[in-house]
Every structure is written in C-alpha cells, then in structure tokens.
Amino acid sequence: MAMSFEGEKVILVPYMEPHVPKYHQWMQDPALLQATGSEPLSIEDEYRMQLSWTQDPLKRTFIILDKDLVEGDFVHGQPHVEAMVGDVNIYLNDLDDPQMAEVEIMIAESKSRGKGFGKEAVKMMMAFAIQCTRIRVFRAKIGESNEASLHLFHKLGFKEVSYSEIFKEVTLELTVTMNKHEELLNMFHNVVVHRVSEN
C-alpha cells in the first residue's frame with residue numbers, strides 16, 4: 001500500500017516517475033555525488049533505478065517535500081515536483097541481521113538546508129520503520145567530509161562504531177532502547193499518514 005507522511009515541516013511521498021528529471025538534475029552536482037557516494041547516471045538509468053527501488057521489498061525510498069512549497073492543497077498520490085527538496089531511504093538489506101536498518105538522507109536543495117527538514121524526515125522514517133518491522137538498530141554510513149550529515153546523526157543520538165580508511169566513511173549506529181522506541185512512536189502519532197484506498 002502506497003503511503004505518504006505529513007509532518008510539521010515536510011511531507012514524505014513515495015519516489016515516483018515524475019520525480020526522476022529533478023532527481024537526475026540534482027545528481028549532476030559533483031558535491032552531491034561525493035556526499036552521497038554516488039556515480040553519475042544517464043536519465044535512462046535514473047528511470048530504471050527509480051523503478052527498481054519501488055519494486056525492492058527491502059528498500060523504502062521517499063522524496064522529501066517542503067510543505068511551504070506545495071502548490072495548493074497536498075494531494076496524496078500526486079508527485080508535487082515543485083516542492084521537492086531531497087530524499088530519505090531505509091534499507092533492510094542486512095541478511096545477517098534483519099532487525100538492522102540503514103538510513104540515508106539527502107537535502108539536495110541548498111536553500112532548504114539548515115531548516116530542520118533532514119532531522120524531521122529521518123525521525124519520520126525511523127518511526128515508520130519501527131511501526132512496520134522489529135528494528136532494533138539503525139545504521140548510517142557517512143563520508144567523513146560530509147559534516148552536515150555527521151552533525152545531524154550525532155544530534156539524533158547516533159554513535160560512531162567504525163571507520164573505513166578505504167572508503168573514508170564513518171559508520172554510526174543508534175540502538176532502539178525502550179525510551180527511543182516510545183519517543184519515535186509518540187512523534188509518529190503527530191504525523192498525518194495518507195494511504196491509497198484499496199477498493
């Protein structure tokens with residue numbers, strides 16, 4: 001079932017085909033490629049990637065919308081490309097530990113940084129993950145030069161657990177204690193969940 005999540009500042013919508021051209025435009029920026037550890041793709045490859053992400057049961061990818069930039073009323077199921085500012089992902093791809101989820105966040109629009117969008121989006125995704133699965137550890141892998149992301153995850157309570165000299169990458173983790181579980185669930189109660197009704 002497709003869902004969107006409406007918080008105080010941002011709305012998370014599933015990554016849809018109409019989002020691809022703007023996403024592709026973002027990923028032409030060398031600084032964003034470096035920060036996200038990505039390779040530049042052709043627009044055709046980006047469309048294929050979007051399709052594979054939506055079909056992957058171990059991955060949840062949402063586009064972050066700035067609520068203030070949504071034109072007219074927000075309509076669930078509409079892409080609202082005009083309000084796109086970044087994306088947030090959850091991967092459940094550690095086969096050795098199905099209770100571990102990896103989190104990624106990108107605020108691609110420079111004018112949208114420093115407004116708390118990333119923090120709210122990550123917390124919403126973590127709350128969504130513990131609602132749907134029995135996640136006990138969240139992990140983030142961040143390039144050592146990506147100071148904004150490192151600062152964000154430290155602020156969210158993540159602790160550094162390892163460093164890769166080869167990839168110049170820091171791995172941070174957050175264990176979901178009973179208090180953290182309760183905090184995230186309480187936060188999620190203030191999130192408006194939009195669902196596609198199934199007839």
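Hi everyone. UniProt, in an unreviewed entry, lists residues 30–179 as "domain: N-acetyltransferase"; positions follow the numbering used here, and such annotations may be inferred rather than shown by experiment. Please keep in mind that this is a predicted model, where local features need pLDDT of at least 70, side-chain atom pairs count only at pLDDT 80 or more, and totals for chains, interfaces and linings use all residues. Residues are numbered from 1 along each chain as its sequence is written, and side-chain values use heavy atoms, without hydrogens or water.

Over residues 30–179, the chain is 31% helix and 29% strand, with the end C-alpha atoms 39 Å apart. Helices here are DSSP runs of H or I, at least four residues, and strands are runs of E, at least two, numbered from the N terminus.

Now to the helix pairs. Take helix α4, residues 117–132, and helix α6, residues 178–188: they pack at about 105°, axes 9 Å apart. Axes are lines fitted to C-alpha atoms, for helices over the stretch in contact, and angles run from 0 to 180 degrees between N-to-C directions. So α4 is roughly perpendicular to α6, a label for 65 to 115 degrees; under 35 is roughly parallel, over 145 roughly antiparallel, and the rest oblique. Who touches whom? On the α4 side, the residues include M124, F128 and I130, and on the α6 side, L184, L185 and F188 are among them, where contact means heavy atoms within 4.5 Å.

What about α5, residues 147–155? Its axis and that of α4 come within 10 Å and cross at roughly 55°, which makes α4 oblique to α5. G118, K119 and V122 of α4 meet L152, F153 and K155 of α5.
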